[in-house]
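Subject: Structure handover

Hello,

Here is the structure I promised to pass on. Please open it alongside this email, and my notes follow below.

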Amino acid sequence: MVAGNRYELKLRQDARDGALPSRAEWVEDEGCRRTYYAVYIFFGLLTLTYNHTPAISFNEFEDLQLPSSEALWNSKVTDDNAWYEQLKASPGITFMVAHDHLFQAETLNYSAFATGVMINTLFLEVWYQKRSPEALQDVVTEYKLRLALETWEKSLDLCEPEADAVPLSAPHKGHPLIFNAQAMYRNARARLEVDLKGVQEALRYHDHYEVAAAMSKARDRVKRSSEMIKVIQECYNCIETAVRQGVRWVARTSPTNWSIEHPLCGMDLMITLTLWLYRLEHDEEPATEEEMAMYHKVRLLFEKESEGTLNSPQLSGTVAHLWGSMLDEVVVWG
């Protein structure tokens, strides 16, 4: 249905032959684009959680414009001339132009919705990269992906300020879509370093013993390197939000008050953090100075949360316990 709408959109645009659309025509076109991108992001979350191959490949986007700002979408302009002026003042960036900019380390100014579309794309590119047999040798693509992700993050400061930010009791400033996109960003960063394919495959079949076994087996996937410290920092950022806001409140309200991205994207990060802490506590190889600094940073966060009474001498156990109790209350898993 969505692909059919996309085809009709192309026919409508071709028929206009370069003429600007009226307000009513533009609303129909923009609604079509937004639906298409929303489905694309939904497929991205399915890929993230269950390893499903996405049903929309990014080659389908080509010259499709990214979603507009909320101001343009909610514009109350009735006069045609005023509408055309408004439309000219906010030129639409196409998907491929935005994609090329990110890979050339050129920051972009686009809408909050567009940030979500682009991080979904970068996440899927990381996913494809890790699935390809040549990926182990392909350090160039990995470098480019890392650069594109960094550029995406820098572009957040340039996002069009959205006047219609949704009022939520959430721990972020600015637009909720950007807050949600950051969860996907952290996950993509982590997946460049850690491949938890075994866990995602096990999740598909909803057998909790299998899932638990796959999580334990994933220990060897979590390396100890300076690149990994950066991933652990992203894991820390993820859990810090929950600890600072109050773990029980986050567990009960994050999927409905924020979005399902946070528990879904956070899952890989919490597995990675738990296993990295476990390795630090059990490996024969002593921890480096950098690793110890990060370890103490995590410990300090949890000691503050539990007022100095950690329920396990091992930090990995504490993190796993807290994370498990949070998942137990999250309503998205069904």
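**What I found**

His 206 sits in the loop between α9 (197–203) and α10 (208–217). Please keep in mind that this is a predicted model. The phi of His 206 is positive, about 55°, although the residue is not a glycine. Is His 206 buried or exposed? It is exposed, because its relative accessible area is 57%, and exposed means over 50%.

Asp 17 is another residue to look at. It lies in the loop between α1 and α2. Asp 17 has 70% relative accessibility, so it counts as exposed.

**The largest pocket**

Next, the pocket. The largest one holds about 690 Å³ of space. Which of the elements gives the most? That is α1, with five residues.

In total, 31 residues line the largest pocket. They divide into 12 nonpolar, nine polar and 10 charged. Nearest the centre of the pocket lie Trp 26, Arg 33, Gln 65, Pro 91 and Gly 92.

Which residues does Arg 33 touch, not counting residues up to four places away in sequence? They are Leu 9, Gln 13, Trp 26, Leu 64 and Gln 65. Trp 26 and Gln 65 are also among the residues that lie nearest the centre of the largest pocket.

**Helix α11**

Last, please find helix α11, residues 226–245. How far apart are its end C-alpha atoms? They are 29 Å apart. The helix has 20 residues, and at 1.5 Å a residue it should span 28 Å, so the two values agree. The expected span is 1.5 Å times one less than the number of residues.

The buried residues of α11 include Met 228, Ile 229, Val 231 and Ile 232. Further along, Glu 234, Cys 235, Tyr 236 and Cys 238 are also among them. Ile 239, Thr 241, Ala 242 and Val 243 are on the list too. Just after α11 comes Gly 246, which takes a positive phi of about 105°.

Best wishes

Technical notes:
Residues numbered from 1 in each chain as written. Predicted model: local features only at pLDDT ≥ 70, side-chain atom pairs only at ≥ 80, totals over all residues. Heavy atoms only, no water. 1 Å grid on protein atoms, 1.4 Å probe; cavity = no way out; pocket = protein on both sides within 12 Å on 5 of 7 lines; lining within 4 Å. Points joined across faces, edges and corners; volume = space filled by probe spheres on them. Helix = DSSP H or I, 4+ residues; strand = E, 2+ residues; numbered from the N terminus. Nonpolar A, V, L, I, M, F, W, Y, C, P; charged D, E, K, R; others polar. Buried < 20%, exposed > 50% of the residue type's maximum accessible area, 1.4 Å probe, protein only. Contact = heavy atoms within 4.5 Å.
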